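Work through the exercises below with the sequence and the structure in view. Try each task before reading its solution.

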Amino acid sequence: MTQIVQPDSLLTLHYRISLDNGQALISTFESQPATMQLGHGDIAPTLERCLTGITVGERHTFLLEPENAFGVHREDLVEKVRLEDFPDGTEVEPMVIMEFTAPDGTRYPGLIREVLDTHAIIDFNHPLAGKSIRFEVEVIGVN
């Protein structure tokens with residue numbers, strides 16, 4: 001009996017996410033396969049939709065434009081934060097990801113893009129926002 005990935009399947013698979021220029025960002029092909037439950041937020045909904053309908057044993061590669069991957073880069077998610085608003089003793093350095101707390105207590109990661117005399121430029125976009133990606137998968141098993 002052929003097993004086909006359903007929207008709520010528990011999968012064992014190998015996958016690779018790379019930039020459209022071929023630079024691999026993460027891959028399980030050289031190590032242990034991954035296990036993930038679809039429909040539970042283990043992976044991005046767009047990637048889940050790519051997996052749905054694949055038959056066990058098949059290998060597919062999907063090229064996803066930014067709006068179908070991790071979103072477009074939004075300038076409204078780039079903010080200036082005063083250096084004096086950082087906790088005492090915090091080293092504020094470019095290209096470091098820090099966790100920030102919103103007024104409602106929600107925590108968000110932000111990438112420090114630039115440090116100026118009095119402010120730091122923080123990017124709250126997903127690190128892959130604005131980038132096209134390749135999503136390569138080989139489904140090993142479906143439960």
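**Exercise 1: A serine in a strand**

Ser18 has a relative accessible area of 6%, so this residue is buried; buried means under 20% relative accessible area, exposed over 50%, and partly exposed in between (1.4 Å probe, protein chains only). The model is predicted, so local features need pLDDT of at least 70 and side-chain atom pairs count only at pLDDT 80 or more, while totals for chains, interfaces and linings use all residues. Residues are numbered from 1 along each chain as its sequence is written, and side-chain values use heavy atoms, with hydrogens and water left out.

Task: state in which strand Ser18 lies and with which residues Ser18 is in contact, leaving aside neighbours within four places in sequence.

Solution.
- Step 1. The strand is β1, residues 10-19. Strands (E, at least two residues) and helices (H or I, at least four) are DSSP runs, numbered from the N terminus.
- Step 2. Contact means heavy atoms within 4.5 Å. With the neighbours within four places set aside, the partners of Ser18 are Gln23, Ala24, Leu25, Ser132, Ile133 and Arg134.

**Exercise 2: Aromatic rings**

Task: classify the ring pair of Phe86 and Phe100, then that of Phe100 and Phe124.

Solution.
- Step 1. Rings of Phe, Tyr and Trp (its six-membered ring) pair if their centres lie within 6.5 Å; planes under 30 degrees apart count as stacked, over 60 as edge-to-face and the rest as tilted. This rule gives three aromatic pairs.
- Step 2. For Phe86 and Phe100 the centres are 5.9 Å apart and the planes stand at 70 degrees, so the pair is edge-to-face. Phe86 is in the loop between β5 (78-82) and β6 (97-101), and Phe100 is in strand β6, 14 residues apart.
- Step 3. For Phe100 and Phe124 the centres are 5.3 Å apart and the planes stand at 75 degrees, so this pair is edge-to-face. Phe124 is in the loop between β8 (119-123) and β9 (133-142) and Phe100 in strand β6, so the pair ties together parts 24 residues apart in sequence.
- Step 4. Phe86, Phe100 and Phe124 form one aromatic cluster.

**Exercise 3: Buried or partly exposed?**

Task: apply the accessibility cut-offs to Phe100 and Phe124.

Solution.
- Step 1. Phe100 has 15% relative accessibility, so Phe100 counts as buried.
- Step 2. Phe124 has 23% relative accessibility, so Phe124 counts as partly exposed.
- Step 3. Phe86, like Phe100, is buried.
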